[in-house]
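Open the model in your viewer and keep the selection tool at hand. The tour goes stop by stop.

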Amino acid sequence: MKKIFSVFLAVLMVFTLFGCSKAKEEETTTAAATTAVTTTETTTSPYVKGGNPLSGYSKFKKSAVGKRPVAIVVENLSPARPQWSIGSADIIMEGEVEGGISRMLWIYADYTSVPEKVGPLRSARPSYVKFAKLFDAVFIHWGGSHSKSGYIGGYSTIERLKVDNIDGQNGGALFGRDHTRSTSIEHRGTLNGNYIESAIANKGYRTKKNKKATTFTFNIKNKKVGSTAANNVGIAFSSITDTRRFTYSTKDRKYHTNDWNTDVSFKNLIVLKDSSTYITTPYKGGSTTYLNYDYKGGSGYLISQGTSTEIKWDTEGGKLNLHTADGKTLALNIGKSYIAFSSTNNGGRVAIS
C-alpha cells in the first residue's frame with residue numbers, strides 16, 4: 001500500500017511541476033508578446049513629440065517634420081463669416097488690405113492636416129505674399145491684385161519674389177464653390193485640404209523646408225509673459241478698420257473672440273506694429289486704395305496667460321524674428337497664435353486691460 005501511495009505521489013509531483021512550468025512558460029510568452037506589441041506601436045507611431053515648429057504642440061506627424069508649411073489667403077467680410085474651418089490653422093495672420101477691409105493668412109505647419117473645407121478663399125496681396133515667404137510657405141490663393149499706377153500687385157510680387165503658389169483661378173480638384181450660402185460667388189470659394197499634397201506634387205514644388213525659414217521658440221511649460229494684466233484686448237489695424245476684440249478665459253487660459261460669428265481661441269496674441277503705405281489706383285471705373293505693410297520691424301506686444309509684455313521684431317535674414325524688449329529670443333507659450341499688424345502711421349491702435 002505504501003508502495004502504491006509513493007508512486008501516486010511521484011506522479012502527482014511530475015504533473016504539478018509540468019503544470020507550473022507550462023503556466024510559467026505561458027506567462028513569459030504573454031509578457032513577451034505584450035512587449036512586442038508595445039514596441040511595434042511605438043515604432044510605427046506616425047507622430048513625433050515636440051515637432052510642430054509653429055505651435056509647439058507635442059504631437060506632430062513624423063511625415064511633416066522638415067516639410068514646408070502652407071499659407072492660405074482667407075477673406076474676412078461679413079458674408080464670409082463664419083469662415084469654414086476657422087481656428088484650425090497653427091497661425092492666423094490678419095491685417096488691412098484695402099479701404100478698411102482686413103484679410104487673413106492661415107498657416108499650417110503640416111499641409112496634410114488642412115481640413116477638407118477651408119475658406120472662403122480670396123486673392124493675393126503683396127503683404128500676404130511677403131509674409132508667406134518669411135515662413136517658406138507654399139502660398140495658396142484665388143486670384144490676385146494687378147500692378148498699376150505705381151502699385152505693385154499680388155501677382156507681380158509672387159513673380160518678383162519667386163514664391164511657389166497655387167492659384168484657384170487655374171482650377172483643379174483642390175478648389176471648389178460652396179452652394180449652401182445665399183451670397184455672391186466671391187464669398188463661396190473653398191479649398192479641399194485632401195488635395196494639397198497632390199497639387200504641390202503636380203507643380204513640382206520643393207517640399208523640404210528652408211532651414212532659414214521662420215520657426216518659433218516655446219516655453220517647456222506655459223507661463224505668464226509679463227506683469228501687466230491682459231484680460232481684454234482690442235486691436236485696430238488702422239484708423240478705418242474695425243477692431244478685433246479678444247477676452248481671456250481663466251478656464252482654458254486662451255483668448256477668445258466671436259468677431260467671426262463663431263468662437264475662436266488662441267494661446268498667444270502677437271501684435272506687430274509696422275508702418276504702412278496707402279496707394280490709390282483706378283478700379284472698375286472708380287478707384288481703390290490698397291495698403292502695403294513695410295515690414296521694417298519695430299515694437300509690439302506678446303499677450304498670453306492673462307498678461308502682456310512689450311516685444312521687438314524684425315525680418316532680418318528673410319524670416320520673422322521675435323525678441324524680448326531687451327533683445328533676447330522671445331519664447332511663446334505652447335498653442336495656436338494670432339498675429340496682427342497694426343499700422344504705426346495710419347491710425348493703428350492696441351488697447352489692453
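**Stop 1: a charged network**

Select R244 and E94: their side chains meet in a salt bridge, 2.7 Å from N to O. (A salt bridge is a side-chain nitrogen of Lys or Arg within 4 Å of a carboxyl oxygen of Asp or Glu.) This pair links distant parts of the chain, with R244 in strand β13 (residues 243–249) and E94 in strand β4 (residues 91–98), 150 residues apart. Strands (E, at least two residues) and helices (H or I, at least four) are DSSP runs, numbered from the N terminus.

A note before moving on: this is a predicted model, where local features need pLDDT of at least 70, side-chain atom pairs count only at pLDDT 80 or more, and totals for chains, interfaces and linings use all residues. Residues are numbered from 1 along each chain as its sequence is written, and side-chain values use heavy atoms, with hydrogens and water left out.

R244 counts as buried at 1% relative accessibility, while D242 is partly exposed at 36%. (Buried means under 20% relative accessible area, exposed over 50%, partly exposed in between, with a 1.4 Å probe and protein chains only.) Show R81 and D259 too: salt bridges that share partners join R81, E94, D242, R244 and D259 into one network.

**Stop 2: a second pair**

Which residue forms a salt bridge with R122? Select E75: the closest N and O atoms are 3.4 Å apart. R122 lies in the loop between β5 and α2 (126–134) and E75 in strand β3, so the pair ties together parts 47 residues apart in sequence. R122 counts as buried at 18% relative accessibility. E75 is buried as well, at 1%.

**Stop 3: the open sheet**

Colour five strands in the order β15-β14-β13-β12-β24: they form an open sheet with antiparallel pairing. (Two strands pair if DSSP finds at least two bridges between them.) β15 (264–266) and β24 (349–352) stand at the edges with a single partner strand each, so one side of each has no neighbour in the sheet. Look along β14 (residues 254–257), which 3 bridges join to β15. There, T257 stands opposite V264 in β15.

**Stop 4: a loop residue**

Finish at S63, in the loop between β2 (60–61) and β3 (70–75). S63 is partly exposed, with a relative accessible area of 48%. Select T112 as well: S63 and T112 are 49 residues apart in sequence and 9.2 Å apart in space, C-alpha to C-alpha.
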